Amino acid sequence: MSSGPQRIVCLTEEPTEVLYAIGEQHRIVGISGFTVRPARARKEKPKVSAFTSAKIGQILALEPDFVVGFSDIQADIARELIAAGVEVWISNHRSVAGILDYIRRLGAIVGASGKGEQLACRAEENLRRVEAEASGMRRRPRVYFEEWDEPMISGIRWVAELVRLAGGDDVFPERAAKSLARDRIIADGAEVVRRAPDIILGSWCGKKFRPDKVAARPGWAEIPAVRDGELHEIKSPIILQPGPAALFDGVDALRRVIAAWAQRHGAA
């Protein structure tokens, strides 16, 4: 007999990606409408939630025996489902170590701890490779990572940690430690100017990053990154969801940008 839950609804992308990656996708009966990884999931599974809202009736009609979500933002969705008698797990991991632990825990929950462990180990190996590649740099760039532009929101903890592994230093480390987006709002753009990032990375969830718009902000012309044209987009699906994508494609994209900067500026 197969162990663990058999009918899982994933309210965010990362559990869907993990379950597909470990070959347990047959358990999934519903996914988030924001899911893009893997692409086949959108064709195979019904979309029953956004991030802050969900189609509760449709979810209940699927008769799930387990629902997986992420963060305090989905607390209201979880409350409704729990009241309806559904078992719900809301993870709240915000670090690289947390993502690795999440992969292992989800694998164990569905009775596939060995496959979850293998995926986590592959991710750890990739992170070690990236860190080793970055270790020989003569100078580390200062990096400003922007999750949103209006208001400006700096990068969350796992992003800052991946930037560091890839060879850069987040210019807002004290904000990265804050789990809630509202605590990472930068009210005064002059603060970014003062911290003088060498690279600006944009990952505006749900819309295209506009380097020209960023460069035109008052006073930002004097920022090294703007002066040198070092404004780059990191696609949000590979960096802003706390799952496998960030530990593979996300960190690899960060490394490519930072390595190219090092080559151009004699820091390789």
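Y144 and F172 are both buried, where buried denotes under 20% relative accessible area, exposed over 50% and partly exposed the range in between, computed with a 1.4 Å probe on protein chains only. The two residues form an edge-to-face aromatic pair, with 5.8 Å from centre to centre and 70° between the planes; rings of Phe, Tyr and Trp (its six-membered ring) are taken to pair if their centres lie within 6.5 Å, and planes under 30 degrees apart count as stacked, over 60 as edge-to-face and the rest as tilted. Because Y144 belongs to strand β6 (residues 142-149) and F172 to the loop between β8 (169-170) and α8 (173-176), the pair ties together parts that are 28 residues apart in sequence. Helices (H or I, at least four residues) and strands (E, at least two) are DSSP runs, numbered from the N terminus. Ring pairs join Y144, F172 and W220 into a cluster.

The structure is a predicted model, in which local features require pLDDT of at least 70 and side-chain atom pairs count only at pLDDT 80 or more, whereas totals for chains, interfaces and linings use all residues. Residues are numbered from 1 along each chain as its sequence is written, and side-chain values use heavy atoms, with hydrogens and water left out.

By the ring criterion given above, the count of aromatic pairs comes to four. W89 and Y102 form a stacked pair, because their ring centres are 5.3 Å apart and their planes lie at 25°. This pair links distant parts of the chain, with W89 in strand β5 and Y102 in helix α5, 13 residues apart, and both W89 and Y102 are buried.

Strand β5 is part of an open sheet of five strands in the order β3-β2-β1-β4-β5, with parallel pairing; two strands pair if DSSP finds at least two bridges between them. The edge strands, each pairing on one side only, are β3 (47-49) and β5 (88-91). Neighbouring strands of this sheet are turned by 25° against each other on average, direction ignored, with axes fitted as lines to C-alpha atoms, for helices over the stretch in contact, and angles running from 0 to 180 degrees between N-to-C directions. Strand β4 (residues 66-70) pairs with β5 in the parallel sense over four bridges, and W89 in β5 is the bridge partner of V68. Helix α5 (residues 96-109) packs on the sheet and touches β4 and β5, its direction making about 170° with that of β5; contact means heavy atoms within 4.5 Å.

S95 is located in the loop between β5 and α5 and counts as buried because its relative accessibility is 10%. A polar atom of the S95 side chain lies 3.0 Å from the backbone nitrogen of G98. Neighbours within four places in sequence aside, S95 is in contact with R157, W158 and E161. L81, in helix α4 (residues 75-83), counts as buried because its relative accessibility is 0%. Not counting residues up to four places away in sequence, L81 touches I56, I59, L60, V67, V86 and V88.

Definitions and conventions
A polar contact is a pair of N or O atoms within 3.5 Å; within protein, one must be able to donate a hydrogen and the other to accept it, and residues adjacent in sequence count only if both atoms are side-chain atoms.
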